[in-house]
Amino acid sequence: MSAKNNFYITTPIYYVNDRPHIGHAYTTILADVLARFHRAMGDDVLFLTGLDEHGQKVQQAAQQRGLEPRAHCDELAVRFTDLWKKLGISNDDFIRTTQPRHVQVVQAILQKVYDNGDIYQNEYEGLYSVAEERFITEKEAESGQFRDVRRIKEKNWFFRMSRYQARLVEAIEQNPGLIRPEHRRNEMLGFLRQPLGDLCISRPKSRLSWGIEIPFDRDYVTYVWFDALINYISAPGYLADDEAFSRRWPATVHLIGKDILTTHCVYWTTMLFSLGLPLPATVFAHGWWLSGESKMSKSLGNVVDPLDLIEQHGVDALRYYLMSEMILGQDSSFTVDNFVKRYNSDLANDLGNLLNRVSGLLSRYFDSTVPEPGELTPAEQPIAQAGAVLGGRVAALLQEFKVDNALNEIMNLVRSVNKYMEQQAPWKLAKEDKAAAGRVLYTAAEALRLSLVLLSAVMPTKSAAALEVLGASDSGLDWGGLKPGTRLQAHPPLFPRIETEKK
Ligand code: MSP
């Protein structure tokens with residue numbers, strides 16, 4: 001058994017009713033960044049993503065394409081896995097809810113919860129929103145926010161969610177880290193001030209056939225959310241119930257968008273209570289990417305396709321933009337203008353420029369070889385100090401899901417090194433005092449190296465390329481990792497400026 005820390009991170013499993021867009025890409029990249037960072041810190045990482053393939057939305061999407069649901073899912077699944085490959089997503093597992101390994105677990109859990117007495121049958125009459133796939137209240141129907149509303153009377157199976165309300169409130173109150181950020185936690189505590197109803201977890205086959213059959217009543221399939229949430233435990237092997245599973249569960253973090261807060265914080269947690277399993281350490285809900293000022297939606301025709309951006313500017317630039325632009329827990333506006341601005345200022349000007357300068361000057365004055373650092377003077381000290389503590393600061397910020405702040409810390413070091421270079425002017429020093437020029441260039445190159453090591457989780461390809469230029473692939477986070485005498489590799493500019501006319 002290894003002594004490494006378990007870091008089990010999940011994304012929502014996405015509906016296969018359409019092609020993936022920038023919102024799906026965002027959550028998956030965010031999870032990837034955290035997974036890569038934790039792997040680099042030596043944690044034992046399980047990074048899970050996948051697809052939610054059952055339910056009405058998927059069945060309808062398949063019908064519209066004139067395909068059987070399974071054939072439709074198989075076709076669309078490839079679009080997701082292809083995109084994840086292009087985006088450099090390093091998931092360890094990929095779950096599809098139609099896989100037997102998942103179906104088995106869902107059925108076993110239904111049986112177990114039924115045997116516990118937490119599932120009962122009842123006749124229910126109410127308003128049902130086909131678009132939202134759930135029963136809604138009269139008040140919700142009046143709000144006009146729900147499409148395809150019908151009055152339905154039918155027998156269904158219900159999960160006794162209400163039984164666990166008090167326990168859930170207590171768990172949220174006692175554990176401030178369970179739901180993050182804090183305003184989402186408050187939102188859930190507010191929601192739980194009203195009495196919690198039970199959850200309808202079945203759909204009669206007469207109305208919906210595309211789902212997991214309920215093992216104790218074959219006329220029904222399982223409600224898609226009850227099915228989908230279970231992926232988080234079916235993937236790491238709930239049924240085996242062995243050491244491997246207990247090592248993984250509870251998950252370290254479920255990353256989700258704010259749109260699916262209630263399903264994760266109320267449905268899922270009460271399901272876990274009923275199963276006698278511990279709650280995940282954290283459910284973290286991020287905000288929405290808007291298209292300019294408005295919500296991205298297929299009907300508005302303003303959905304941003306990540307593939308276009310990758311083709312034009314490369315995957316690392318897109319990953320960097322998404323990670324640096326969204327502030328923890330808030331909505332952000334996606335515009336190509338912002339993207340170009342951010343790219344040109346941070347990647348072309350600050351980072352790219354530093355690499356070009358350092359490697360250019362070393363080539364001109366030091367035969368492309370890393371010089372001796374010499375004795376640090378007061379001019380280098382702040383940089384060496386900032387460099388030495390940067391890894392710890394970035395780790396602490398990522399622990400808090402402050403990815404934008406972590407990137408800013410790294411870029412602040414890069415910017416201060418650019419300033420230091422201006423002040424020290426090693427191109428002048430090289431003619432008067434070669435050792436001093438070597439010291440300045442070593443300091444700049446070493447700070448750049450450290451920055452690149454820390455940027456690797458966000459920009460794996462470009463960081464690796466730049467580290468190769470410096471002859472410092474696989475170097476660590478201690479100051480002094482760059483070895484004097486190492487030869488630099490020639491390279492084309494890693495982040496060529498985007499000329500705005502071209503955009
Ligand atoms: N299938 C459910 C999730 C089940 S999890 C057990 C689902 N799927 S979804 O395809 O609609 O994906 C929703 C998730 O995609 C959001 O929670 C969020 O992570 C991501 N995003 C989709 N659009 C988004 C934006 N415009 N902005 C940011 N993320 C969004 O819900």
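User: On a 1 Å grid over the protein atoms alone, a cavity is a set of points where a 1.4 Å probe fits but cannot get out, and lining residues have an atom within 4 Å of a point. Which residues line the second largest cavity?

Analyst: This is a predicted model, in which local features need pLDDT of at least 70 and side-chain atom pairs pLDDT 80 or more, while totals for chains, interfaces and linings use all residues. Residues are numbered from 1 along each chain as its sequence is written, and side-chain values use heavy atoms, without hydrogens and water. The residues that line the second largest cavity are V33, F37, V394, L398, V403, A406, L407, I410, L454, A457 and V458.

User: Which element gives the largest share of that lining?

Analyst: Helices are DSSP runs (H or I, at least four residues), as are strands (E, at least two), numbered from the N terminus. Two or more lining residues of the second largest cavity come from each of α1, α15 (381-399) and α16. The largest share is four residues, and the element that gives them is α16.

User: How many nonpolar residues are in the lining of the second largest cavity?

Analyst: Ala, Val, Leu, Ile, Met, Phe, Trp, Tyr, Cys and Pro count as nonpolar, Asp, Glu, Lys and Arg as charged, and the others, Gly among them, as polar. This lining has no polar and no charged residues. The nonpolar count is eleven.

User: What is the volume of the largest cavity?

Analyst: The search of the whole structure finds three cavities of 30 Å³ or more. A volume is the space filled by probe spheres set on the grid points, which are joined across faces, edges and corners. The largest cavity is lined by residues including Y26, F284, H286, M326 and D404, and its lining has eight nonpolar, two polar and one charged residues by class. Its volume is about 80 Å³.

User: At what angle do helix α13 and helix α14 pack?

Analyst: The axes of α13 (residues 315-325) and α14 (residues 336-366) are 10 Å apart. The axes are lines fitted to C-alpha atoms over the stretch in contact, and angles run from 0 to 180 degrees between N-to-C directions. Angles of 65 to 115 degrees count as roughly perpendicular. α13 is roughly perpendicular to α14 because the two pack at an angle of about 100°.

User: Which residues of α14 does α13 meet?

Analyst: Contact means heavy atoms within 4.5 Å. By class, the contact has seven nonpolar, two polar and three charged residues. From α13, the residues A317, L318, Y320, Y321, S324 and E325 meet N338, F339, R342, Y343, D346 and L347.

Key. 1 Å grid on protein atoms, 1.4 Å probe; cavity = no way out; pocket = protein on both sides within 12 Å on 5 of 7 lines; lining within 4 Å. Parallel < 35°, antiparallel > 145°, perpendicular 65-115°, else oblique.
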